[in-house]
Structure formats: structure tokens, C-alpha cells
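Please read the points below alongside the model.

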2 protein chains.
Amino acid sequence: MKLFYSSASPYVRKVMVVAHETGQVDRIELAPAAVAPTSVNAVLAAENPLVKVPTLVLADGTSLFDSRVIVEYLDAQHQGRRLFPAEGPARWKALRGQATADGLLDAALLSRYENVLRPEPLRWKDWTDGQFRKVRQALAALAEEDLATEPTIAEVAAGCALGWFDFRFPEEDWRSAHPALASWFAKISERPSFAATTPKA
Amino acid sequence: MKLFYSSASPYVRKVMVVAHETGQVDRIELAPAAVAPTSVNAVLAAENPLVKVPTLVLADGTSLFDSRVIVEYLDAQHQGRRLFPAEGPARWKALRGQATADGLLDAALLSRYENVLRPEPLRWKDWTDGQFRKVRQALAALAEEDLATEPTIAEVAAGCALGWFDFRFPEEDWRSAHPALASWFAKISERPSFAATTPKA
């Protein structure tokens, strides 16, 4: 399998954490991909019309995206404990948790595009304020999600979201408002799957 | 179940099409919700920290979001033909198709926010150009997805994406470039589930 990736992407990290947790890191060949909403990348566009990472290309040439599809695919390819509960309330709780963490990232990423990618005179404070309202509410929701140390996909996604938020917004002190979430994050960050995938500049 | 909705949202339409296809429309109480990335909606925020529609609140008070989680939940609550294939290549194809259609919508919606919501002097053409590149590539990818008339979640999502694209970007002539996709869309639009949920201004 070939994974188009960029080292700072939290959605790629989700895939790599799942690859570690399910013993599939050695099956994945990493292909670096430079992506930005305003740039062209013809190589990646041939595999994924949305031109985003992660994109996974299987041995038979089938491409899979986005991160949610890839992590579920990987979780179906191993015999160990599943990160996606098969059914019932446990499944919906895990999927809702993943959606909360992904939504936190989507909003924080839109803020970053606004304040880093967009030319300064075209920035709109109402937009970043609105996205950051979602980020803060998502942090509060994750704090109430009763996250475990034995991860499902909710914990994987939450850990990746918090790690990226620290990486890109180090000035945001979310720990004071959510001390229990902070200590959960400290603990899950020690898992080998997280320690091996910490975002680097 | 209570569904927070807005009548023009294509992600809400996905949920409603699935509710029709699976015979669950009568179980859903509709709660209108005004949402925009720059606005506050405290009622909806109490159920979904990302303050987006659709949000589904179950009888026991559990809230589910986003649209992908809700449609999979609804599909697990009936005894008829499933819209989510249970496993194997059929599942990954259906999920990839849904991701393509949702990604088309995400990009088209960001373009619309740029050109309708954002004050005119702050608009950035590189941004809308980049998002529209994704939209056009996603249209081409949907044209190659071998969509069926007996829908899986891929067909539901693709039909909702094309319907919303017509509704909000009527000047975009995608049919000339993709005549087979256009005739597939004309056919699926006649299904009762789609005819009952056509977006209205």
C-alpha cells in the first residue's frame, strides 16, 4: 500500500497511529505530497480528486480517501482488537467522538489557512472567531466524552487533534479549562503509536 | 428522534434521503436550525459543539453527528436492503464514493461562503479557484464511479451533491462534460426519496 502523506497533517497521523496500533506500519510505503488548498498537485490529483492527504493506494490500484475511510479500511485488515466497535451504542459513541475530533481539526485548520495562507489584507476576523468558537466547544465536548486509555477510533482521533492543536497553536492554553482531558492526553501520548508519530516542523 | 436541519443543506438531504429509503421518515421530528460559520446558535451548540446541521438527537438524549455518522446509524436501524455494504470491496467503494461527494460539497460550500458570506473586499480568488478545481475533479471522479440506480450511500451522497450544486451554482454547466453522469442524476432524481427532498430556496 502507498500512503500519500505530509508529516504535519493530523489526518495522516490518525492513519499512522491506526497502522501502528494494528501492526501494519511495514505494509505502508510513504509517498510525500505537498498540498495546499490553493496549489496544484497533479500526481496526487490522479489518485484523489480532492487533492488531500491522506490518500491510500492499494496494491490493486484502488485509491481510498478520506482519513475516515482509510482508518476503517486498515482496522478491517487485522486480527487484533478492533478500533471500530462493530455495532450498537459503542460504535456510535466511537464515530461521534471521531467526528468531534475531526471537526475540531477542520475548524482549526480553516483558522490556520485564514491566518497563514491568505494574504493579510484579505483576512476576516468574524471567520476565525467563528471557527475558534467551534474549536473551544469541541475541546469542551472531548472533555466530556469519557475517553479511555485503551483506544477506539475516538481516542485516536482525539489524541491526534490535541497533538496538532498544541503543534500549531502552542499559545492556546486549553489545559487550564480541561485538566482531566489534559492528563488523558498526556497518558495516551505515551503509547508507542502516538510517540512514534508526534508532529514535527 | 429529533433532527436539527436546514432545508437547503445537502448534508441534511443525505440524511432525509436515507430516512426515506429505509422507511424511517415518520420517526424523525424536524427542528429547524439557522447555522452559519460566523453565527452563534446556543440551542444547537448544546447538542453539537461544531454547531452544524444535520445533528440527530436520539430518544435517550444521545446526540449524533456529522452526516456520515447519522446516515450509518439510520441504516443500522431497519431490516431492508442496506445502503452501507457490510464489508469488503463493496464497502470501501461505497465509502470512497460518499467521501468524493462530500468532498465536492465541502469545496463548493467553501466557495459559496467566500462569495456570499464574506465581505466583498476580503474575497480571495486563489481560494475559490482552488476549491473549484477540487469541485471539477470530484465531478470527473463521480463520472467514473460507475454509479448504480439501486443506491448505496455513494449514490445517495452523489445525488445530493449534484442536486445542491445545481441549486447553488445553476450557471455551472457540468452536464456537457459528463453526459453519462447527467443521465444517471436525472434517473436517480426520480426516486421518491430524492423527489421528496429536492432543495428549495
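1. Helices (H or I, at least four residues) and strands (E, at least two) are DSSP runs, numbered from the N terminus. This is a predicted model, in which local features need pLDDT of at least 70, side-chain atom pairs count only at pLDDT 80 or more, and totals for chains, interfaces and linings use all residues. Residues are numbered from 1 along each chain as its sequence is written, while chains are lettered from A and ligands numbered from 1 in the order in which they are written.

2. Chain A contains 8 helices and 4 strands. Read from the N terminus, the order of elements is β-α-β-α-β-β-α-α-α-α-α-α. The radius of gyration of chain A (over C-alpha atoms) is 17 Å, close to the 17 Å that the globule rule (2.2 Å times the number of residues to the power 0.38) gives for 201 residues, so chain A is as compact as a globular protein of that length. The C-alpha trace of chain A spans about 45 × 40 × 30 Å along its principal axes.

3. Of the 201 residues in chain A, 45% are buried. A residue is buried if 20 or more other C-beta atoms lie within 10 Å of its own, exposed if 12 or fewer, and partly exposed in between, with C-beta atoms placed from the backbone. Two residues are in contact if their C-beta atoms, placed from the backbone, lie within 7 Å. Among the contacts in chain A with a separation of 6 or more, 70% are between residues 24 or more positions apart.

4. Strand S1 (residues 2-5) and strand S2 (residues 29-32) of chain A run parallel and are joined by 4 bridges; pairing requires that DSSP finds at least two bridges between two strands. Within this pair, A:Phe4 stands opposite A:Ala31 in S2(A). With helix H1 (residues 10-21) of chain A, S1(A) and S2(A) make a right-handed β-α-β unit. Right-handed here means that, with the strands pointing away from the viewer, the path from the first strand over the helix to the second runs clockwise.

5. Between the chains, 33 residues of chain A are in contact with 33 residues of chain B. On the chain A side, helix H3 (67-75), helix H4 (88-117) and helix H5 (125-143) each supply at least two residues. H5(A) gives the most, with 9 residues. The residues on this side of chain A divide into 20 nonpolar, 6 polar and 7 charged; Ala, Val, Leu, Ile, Met, Phe, Trp, Tyr, Cys and Pro count as nonpolar, Asp, Glu, Lys and Arg as charged, and the others, Gly among them, as polar.

6. Chain A is superposed on chain B by a rotation of 180 degrees with 0.0 Å of shift along its axis (RMSD 0.0 Å). That is the relation of a two-fold axis. The C-alpha of A:Leu122 is the nearest in chain A to the axis, 2.1 Å from it. Both copies use the same surface, as 100% of the contact residues of chain A recur in chain B. The superposition is by least squares on the C-alpha atoms of residues with pLDDT of at least 70 in both copies.

7. B:Val51 has a positive phi of about 55 degrees although it is not a glycine; B:Val51 is found in the loop between helix H2 (42-45) and strand S3 (55-57) of chain B. B:Val51 counts as buried, with 28 C-beta neighbours inside 10 Å. In chain A, the peptide bond from A:Val53 to A:Pro54 is cis, with omega near 0 degrees.
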